[in-house]
Amino acid sequence: MFNMSQIQIGWRDILDIALVTFLVYRLILFVKGTRAVSVVYGLVLIILVYFVSEEFGLYTLNWLLANFLGSLFLVVVIIFQQDIRKALSEVGAGRMFRSGNHQIGEPALNELIQALISLAASRIGALVVLEKSVPLGDVVEKGVRLDSRVSKDLLVTIFYPNTPLHDGAVIMKGSKIVAAACILPLSSAGAGHSSDLGTRHRAALGMSEETDAVVVVVSEERGRISVAHEGALNVCPDEARLREILLEKLAR
């Protein structure tokens with residue numbers, strides 16, 4: 001009979017279990033609601049099939065799965081390379097272990113929203129990235145450095161057609177415009193997104209997939225404002241909804 005009194009647990013064991021539990025909990029929160037969840041389900045199913053094939057003596061299937069699972073670490077790295085890169089950058093920025101604190105000031109937020117509403121009404125395309133905990137220095141270096149206070153007039157002027165800085169994205173950090181005419185990575189996830197998305201929307205999604213930034217895009221064809229965050233695109237039908245989504249995404 002199993003005797004619980006034979007088990008000796010010291011403070012190191014408790015600390016070890018607590019640390020592993022905390023890391024697993026943070027990992028679950030990190031992948032929750034992302035594409036990684038469906039891949040994890042698929043891997044768990046394959047592992048279950050492997051044990052079932054072993055139990056029922058299905059040698060050929062068991063041999064195939066054993067060889068596949070033998071390279072599981074490499075497979076996981078290849079499948080999740082983008083998510084691993086994002087996770088490591090967020091760990092480096094400390095985001096996984098603290099809540100977001102990159103709130104834009106109320107006056108700057110009002111200026112940004114009024115600029116976006118004005119641009120949408122005029123059917124002028126725009127792309128604005130709001131930096132959070134992951135530094136965007138490599139993106140800023142590819143653009144034109146501004147370091148200016150956020151204002152509606154400045155943002156509308158930047159995106160006015162045929163001006164030198166209108167093509168590309170504006171990067172904002174807190175209540176400052178850090179740079180303009182920045183080139184963003186395009187989304188690599190063709191599946192799951194509408195096929196009629198233009199380059200500006202794909203760039204917004206691509207940036208939100210690789211970083212924790214909040215990206216606002218104004219469609220010049222439809223005059224519609226959308227917010228991209230964590231690889232998802234939210235359409236904002238009016239000013240109130242735009243403000244609500246921005247505050248929600250920036251606080252996460």
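Here are some notes on this predicted model, going from the whole chain down to a few individual residues.

1. Overall make-up. The chain has 252 residues, and 35% of them count as buried. Its secondary structure comes to 10 helices and seven strands. As for the contacts, take those between residues at least 6 apart in sequence: 59% of these join residues at least 24 apart.

2. A nonpolar patch. Have a look at L45, V49, V52, F56, L58 and L61, which together make a nonpolar surface patch of about 550 Å². Helix α2 (residues 36-55) gives the largest share of the patch, three residues. L61 sits in another element, helix α3 (residues 59-70). With a relative accessible area of 36%, L61 falls between the 20% and 50% cut-offs, so it counts as partly exposed.

3. The aromatic pair. You'll find one aromatic pair in the structure. Y50 and F51 form this pair, with 5.3 Å from centre to centre and 65 degrees between the planes. That angle is over 60 degrees, so the pair is classed as edge-to-face. Are the two partners buried or exposed? Y50 has a relative accessible area of 18%, under the 20% limit, and is therefore buried. F51, on the other hand, is partly exposed at 47%.

4. R149 and the residues around it. R149 belongs to strand β2 (residues 144-149). Its relative accessibility is 66%, which is over 50%, so R149 counts as exposed. Which residues does R149 touch, leaving aside its neighbours within four places in sequence? The contacts are L154, S175 and I177. It's also worth checking K176: 27 residues separate R149 and K176 in sequence, yet their C-alpha atoms are 4.7 Å apart in space.

5. S187 in its loop. S187 lies in the loop between β4 (176-182) and α9 (199-210). Although in a loop, S187 counts as buried, because its relative accessibility of 9% is under 20%. What does the side chain of S187 make a polar contact with? The partner is the side chain of E209, at 2.8 Å.

Terms used. Residues are numbered from 1 along each chain as its sequence is written. This is a predicted model: local features need pLDDT of at least 70, side-chain atom pairs count only at pLDDT 80 or more; totals for chains, interfaces and linings use all residues. Side-chain values use heavy atoms; hydrogens and water are left out. Helices (H or I, at least four residues) and strands (E, at least two) are DSSP runs, numbered from the N terminus. Buried means under 20% relative accessible area, exposed over 50%, partly exposed in between (1.4 Å probe, protein chains only). Contact means heavy atoms within 4.5 Å. Patches are made of residues with over 30% relative accessible area and no salt bridge: like charges are joined within 9 Å, nonpolar side chains (Val, Leu, Ile, Met, Phe, Trp, Tyr) within 5 Å. Accessible areas come from the Shrake-Rupley method with a 1.4 Å probe; for residues, only the protein chains shown count as cover. A salt bridge is a side-chain nitrogen of Lys or Arg within 4 Å of a carboxyl oxygen of Asp or Glu. A polar contact is a pair of N or O atoms within 3.5 Å; within protein, one must be able to donate a hydrogen and the other to accept it, and residues adjacent in sequence count only if both atoms are side-chain atoms. Rings of Phe, Tyr and Trp (its six-membered ring) pair if their centres lie within 6.5 Å; planes under 30 degrees apart count as stacked, over 60 as edge-to-face and the rest as tilted.
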